[in-house]
Amino acid sequence: MTSVVGEMHDSGVGAALKRFDATDKVTGAAEYPADRIPADALWAKVVFTGQPHARLIALDTSDAEASPGVVAVLTAADVPVNEYGLTKNDQPVFIGTTQNDRTEVPSNISRWEADHLALVVAETAEQAEAGAALVKADWEQLEVLGDIDAALSSDTLIHPEDGLDSNRYHSFKIRKGDLAKGQAATTWVVEGTYELPYQEHAYLQPEAGLAYYDSDRRLTVEVAGQWTHEDRVQLAHALDLPEDRLRVIYPSIGGAFGGREDISLQIVLALAAMRLAEKGDTRAVGSIWSREESIVGHHKRHRGRIEATLGADADGKITFVEADVVLDAGAYNYTSNKVLGNAHIGVAGCYEVPNARIDSSVVYTNATPGGAFRGFGGPQAAFVAETQMNKLAELSGLDPIELRRINTLKNGSEFITQTEMPEGVSLPQVIDRCAIEARMGEPMRLASQFSPVASLAPAADALKRGRGFACAFKNVGFSFGFPERCEAEIHLLGGEEDEYPTSAILFHAGAEVGQGAHQAFIQMAAEATGVGSENIEGVFSDTASSGDSGSASASRLTWMAGNSIQGAASEAEKQWREGARPAIGQFRFVPPPTEYLDPETGAGWPNFTYGYVAQAIEMTVDTETGHIVVDRVVSTHDVGKAINPVLVEGQIEGAVIQAHGYALSENLQSKDGFLLNPRFSGYLIPGIGDIPRKVESVIMEEADPLGPFGARGMAEMPMMTYAPALVAALHDATGVWFDTFPLTPSRVLAGLKRVTG
Amino acid sequence: MTHPIQAPAATVETYHAPRTLTEALELLAANPSARPIAGGTDLMVELDRGVGAANPVTLIDLTRIPGLDEIEISEDLVRIGPLVTHNDIVSHPALPAIALPLVQACLEVGSPALRNRATVVGNVVTASPANDSLSALNALDAVVHITGPSTSRDVPIGEFTVGVRKTVLGEDELVTGISIPRDPQRRSIYAKLGLRQAQAISVVHLGVSVWLGATGEVTDARIAIGSVAPTIFRSIAAEATLVGQPLAPPAIGAAASAAAAEIAPIDDLRAPADYRRDTTEVLIRRCLTALQTRTEAQLWPDRTPTLRITDRQPTQPTKVTLSNSDAITVTVNGTKITASNAASLNLLDWLRGPAHHSDPSISLQGAQEGCAEGECGACTVIMDGQAVLSCLVPAARANSDNVITIEGIANGGRLSKLQAAFVDYTAVQCGFCIPGFLVSGSALAEEMSDPSDAQIDLALSGNLCRCTGYYKIRDAVREATRSELG
């Protein structure tokens, strides 16, 4: 791809440039939301209800209001439309005793331990905290439905306003082919029941933000999020304001991974600034959550249970799949209905499946909400699908790679949703490349031994080694008919006499959550305009200056933004040729429309493109303590085109380690609606000493026909296959299958003992 | 009425920094509910969570008292002063030969920046059964020295702790040292099993000592196990099994089984009881085997990064007692900054709040709060020449000291070699954790050149990153710490 306007340079697509934001981030100059709170700001403290399921009888804020330094205590009565939600307005902004006719969600029921009861605003953070402790509430306890089993066996409904007779509130089906015919042709059958754990995002920056009126009297929120314009939509709804009177800005964001896709402090801070301004107090209002408030107060990767059956004929060709998927939505929907869709179409794996019955549903409970997290339902499904395939390989005696080769989706394959796969299915090449790089056909090379105890030498007799393989797809972009779009604006600058622009400005709302999106945007703009990266200024993540980009999620941002940037550059080029200075190009990119699945058969075209991944893992287990060390990971990705290869590598390495934590050590526990270990001392993400000894990132570039410069989305892919590949490696080492994880030492040891007695 | 995790922090109203032990004891006698503080790595977390009866709180900071941070080695004793930190123990050249389990245990506590503040005596006084040094000291027959307003007493370590976080220490008493008898015949080792390589609360930890007779038979033994009971558990049955037997597999196996049979651990979030029992047996067997094969010290590293650039030299502040609104003066990145709210804030909040806002030309918001419990390292700064976790340091403790933050790492506006390497290697993604990594990495670079990957990993073991996967960070640190000739 050559530039549409300017001269060639080497700072565009494919260049391993340094990040332009790195200098600020290594000097402490980068400003995260908490750093933006000015010295004279008021401080707000959100009061959580601490009630997984209870009816509010009375709320008394008088002591809090009288507390030193407190300037306001906001409650449900202060919210114009007391409800919000990313896909469904099912959550009150505040639990309260008042209810107006603008919402049907009963506001007097706390359904989650972190439901918000009030916001205490004071002169200092300490005074806000002291005031918050004085908010008094009387509760009538309701039956706490702490997990799926409790929610499905009780008559108590968490959202009776939905008019359903069960807490199971959203379902998908797949009825494909002829199950009986498939079963009749079956030689090998694998069955399993899999328990999928929570995962906490554990971004290093806890939620924080500030709200104020800008110089144009727009109610402005600065916060870390993933989609400025969607935040603004939800603000407008709850505050009953037109969108153009609201503004959302993202300063530096300290990680996200899906965990900032839903609202945290946005609405309550804007509400406080609005109500205080009505009283003449125009100071900014800021708030920072503690780590505990962050972990308790935002959603998680869904836990769930999947029962699955896989059949294959004597040659190993898949004959049928049956599956029942149940995910724990927690107290509110968040994106659970969408996450479920992803799990639903992923549970049959990345294979040609002629016959299938799949039933998937989400269930409301009084536990922490499930929501977006890197992979978005895909990792849970891929764990099941790939573990089933690896069990099939063991049962049939067929080579696990060969088994995948004969079943893999390829160009022209019919997908589980009974439509043809979008063009560019590179999975066969990805599987082969990973198998070659991992040397799957050869014996494993030696790895140095490890000891789980620092002061003790490795116990050679207790160590066993194994390796495992898994592959998967992950959709890129919004699915199931959700309106997908992305806008960009480019200004080409230069004199009238200049043949080519000398500099450019890119306006884009896409969120830089750490992944390097803005660096990639600049490089794509450089490629598209011919202006060198160093001469392109980016104006980012501000609803006041950019159109809607969609979210930083679904591995979509580089893909969608790249297409929008190409379009804007092309528009700007026309203007430039016509002599406009600056030459301004605006573009709204819309990909091919996707479809919702047929409610009875699951037929439809859910996604416009996919990314593909295969991983091979070699590991060692100490069979006397259950500790695992991963010796080698080969993570193979078709990225279509690496816009910046170093950033791609960074995404692979980072996601592999996040997946490593998911598979091994991150063990979030919940009981009766309360999280039991909401701290970094109890929820163990990997440190530098815990990571695999070696990660080999294999980057393939099989162009996506629709991708900008051929690029595919890739940021979620390493998350998909790690847990099943590790479980397969542990089985290879010990002969024991694990149908749940994380593979904590005690779980591993218990599993080994169960088999050996 | 709030959610339990939202309990308000305790307010520190008064902060005393006595200059003598006598003064400290007098203050304690006058304020029976005051909390003595040394490293503060446990207490600051408790205060932040509002744990403990007294609120508002008076702190008596012992760390300005000279002479209490000494390790005295005499012919028959090692005496550890009350301000001796875990890193003092880890880096002491003579201790591995004298008290191996203690140095091994101290290296397992937290991370380097935490070990620069956390004291061994503090670990003992906190008295959680998971505290690593307790089993080591138990296996070494340590004695706890206690001083009160009028009397002093010595208590064997096994009698000092009487329950989970309960000791025999009186309200008006201080622990003024721990002694370990020197015994050339004693052979000892410590082992810890956690759920992470570093910064892991012990699932099981234990100290084992044996004494061997002329013919290789065990004449005496100490087996002290932590995290399996409310206090450290001495397995008398296992010890008895060993005595009189040659230190060899039959007796080793029998002793390990005897210990596993004797303990009655509980289930908790980290592991079920069964797992503790099984791995206690495994660890005892492996420890005794290491003693049998004389490999107990084999894995003790030659040189362990401590992230200390200079010796700790706390200056004496002019004002000994501070109330919560008083100002303190700290030299931050070479500039003297005077700002208020000394007693009530931790150093991180003081830097980011009053100090940052004290002068528009000063920017001090690079250090970040990621956890407020010393786990993530995003708040790491240099104080008194060593890396510390600023969320766990009372701001008043920095009064009249030198502090270096991320903003002081660059050389007059030019990136340091390490900063440049982080940029060059794209070791930065969201960047929130990066100031902490850079402060730790800069301290490492000052402390040693050409560190091994193991030393780099140890130096950075207290810094969590969720974006990068650490590989590019490790590469950048390796590159920046490479000596010109090396």
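In what order do the four strands of the open sheet in chain A run? I'll start there, and please keep in mind that this is a predicted model.

The order is 16-21-22-25, and the pairing is mixed. On the edges sit strand 16, residues 463-475, and strand 25, residues 695-700, each of which pairs on one side only. From one strand to the next, the twist averages 10°.

Take one pair from that sheet. Strand 22, residues 628-638, runs parallel to strand 25, and six bridges join the two. If you want a residue to look at, pick A:T636: its bridge partner in strand 25 is A:V698.

Now the whole chain. Chain A has 17 helices and 25 strands. Along the principal axes, the C-alpha trace spans about 75 × 75 × 60 Å.

How much of chain A is buried? Of the 757 residues, 64% are.

Last, the contacts. Counting those in chain A between residues at least 6 apart in sequence, 79% join residues at least 24 apart. The pair I showed you, A:T636 with A:V698, is a bridge between strand 25 and its parallel neighbour, strand 22.

Definitions and conventions
Residues are numbered from 1 along each chain as its sequence is written. Chains are lettered from A and ligands numbered from 1 in the order in which they are written. This is a predicted model: local features need pLDDT of at least 70, side-chain atom pairs count only at pLDDT 80 or more; totals for chains, interfaces and linings use all residues. Two strands pair if DSSP finds at least two bridges between them. Axes are lines fitted to C-alpha atoms, for helices over the stretch in contact, and angles run from 0 to 180 degrees between N-to-C directions. A residue is buried if 20 or more other C-beta atoms lie within 10 Å of its own, exposed if 12 or fewer, and partly exposed in between; C-beta atoms are placed from the backbone. Two residues are in contact if their C-beta atoms, placed from the backbone, lie within 7 Å.
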